[in-house]
Each structure stands twice: as C-alpha cells, then as structure tokens.
Amino acid sequence: MLYLLAAIGLSLTPGPNGLLVLTQAIRFGARPAAYSALGGVIGFLALVGASLAGLGALLAASEQAFWIAKLIGAAYLVVLGIQLWRAPAGPGMAVTGLAADGGERARPVARPLALFRQGLLIAVSNPKALIFFAAFLPQFMVPGMSLWLHFLILGGTFAAVELVYELLVAGMAGRIAPWLSVHGRLFNRAAGSLFILIGGLLARTQR
C-alpha cells in the first residue's frame, strides 16, 4: 500500500510524458493520445526493468555514461519542443471549431505508431528517471523474492497507475478545447517552450 501511494504521488508529479499526452489529446483527440500514453508506460516498464538489472547504478557511477544519456534525452525533448512551437494551431485544434461551410472542423491526421513512439522515446531517454527508479525501488524490495516477481509487482503497479493518470489527462483535455479555438497557437508555443525548458534543465543535471 505504501508503494502504491508513492507510485500515485510520482505519477501526479508534472513531467514531459504527461505534457506530451495533453498536447496530443488536444491536437488529435483523447483516443489517439492513448497511444502516446501506452508508449510512455512501456518506456517506464523498460526503465524499471533496467533499474532492477543494475543499469541505473551504472549511470550513477559512470560520469561519461550519464553525460551521453542525458544529452540524448535532452536533445530529443528540445527537438520535440521546436516541432511543437512551429506547429500551426491546425483546423482540428478545437473540438467545437467550425469550418467555413459551417461543418465541424476535421482534426489533423494522427498516426498511432508515431504517437506511441514519441511517448516511448520520451520515457526511456530520461536518465534521471532511470537513476530515480534505481534508488527508489530497492526501498520496497523483499529479500529472497525473485527479480521477475519484483518486476511484475513494482513495475506493474507503477505502469497501471501511470496509465490511468495519463488517460485521465487525455480525457480532460477537451475541457480547454473552446479556449484553444482562439489561442491554439499560443498553447503550441507554450507547450513547446516547456519541452525545450525541460530538455535544457535535463542537460544541466549533475549526477
């Protein structure tokens, strides 16, 4: 129960994956954004497995390995932020928007595989998360229990909590759609700036 509460607290902490799901839900709709959420959850499961296997300890011990990993992660976030900053508001930015002929505006085309890949890459390219799991998970490990059982219980619990949280974020995105019918480009630039900021902060992170 203590680990479950900790997992909920971790998921509620604002991060790049939650922001990605929010922006994708606004641009494409809640259902396509679920692919980004699923990609992020698979990425977090990979980090949990890597942490249990000792890779988190390797990053914590090796300055060069951590430096390479954090620059790759930071660069990906910055590139994603620039793409979002330059993206037009789009005819489908607002759910309630109307086209010139009075019909409902069509959303931009969503590619499920691309959305899944973005969520996955953002999750696995954050060395801070890997090191955090490496330091956090051992507090809840039971001596004598197999590594696979630890992965199923600890990784599965966190993945379930994170998936529910990100799906809720995607579902609530429609509430701000009317505002985006006027300020869609502003939202893109604000979200893009946040991705760039997070990437910059990650690049400055010390072990």
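Colleague: Which exposed residues does the face of H1 turned away from its buried side carry?

Modeller: This is a predicted model. On that face of H1 sit the exposed residues Leu2, Leu5 and Leu12.

Colleague: Which residues of helix H1 are buried?

Modeller: Helix H1 spans residues 2-12, and Tyr3, Ala7 and Ser11 are buried in it. Viewed down the axis of H1, the buried residues fall within an arc of 75 degrees, so they line one face of the helix. The general idea is that an α-helix has 3.6 residues a turn, so residues three or four places apart point the same way.

Colleague: What covers the buried residues of H1?

Modeller: The cover includes helix H7 (127-136) and helix H8 (147-172).

Colleague: How many aromatic pairs are found in the whole structure?

Modeller: The search finds five. One of them joins phenylalanine 133 and phenylalanine 158, edge-to-face, at 5.2 Å centre to centre with 85 degrees between the planes. This pair links distant parts of the chain, since phenylalanine 133 is in helix H7 and phenylalanine 158 in helix H8, 25 residues apart.

Colleague: Are phenylalanine 133 and phenylalanine 158 buried or exposed?

Modeller: Buried means under 20% relative accessible area. Phenylalanine 133 has 3% relative accessibility, so it counts as buried; phenylalanine 158 is buried too, at 5%. Together with Phe44, Phe133 and Phe158 form one aromatic cluster.

Technical notes: Residues are numbered from 1 along each chain as its sequence is written. This is a predicted model: local features need pLDDT of at least 70, side-chain atom pairs count only at pLDDT 80 or more; totals for chains, interfaces and linings use all residues. Side-chain values use heavy atoms; hydrogens and water are left out. Buried means under 20% relative accessible area, exposed over 50%, partly exposed in between (1.4 Å probe, protein chains only). Helices (H or I, at least four residues) and strands (E, at least two) are DSSP runs, numbered from the N terminus. The arc is that of the directions from the helix axis to the C-beta atoms. Contact means heavy atoms within 4.5 Å. Rings of Phe, Tyr and Trp (its six-membered ring) pair if their centres lie within 6.5 Å; planes under 30 degrees apart count as stacked, over 60 as edge-to-face and the rest as tilted.
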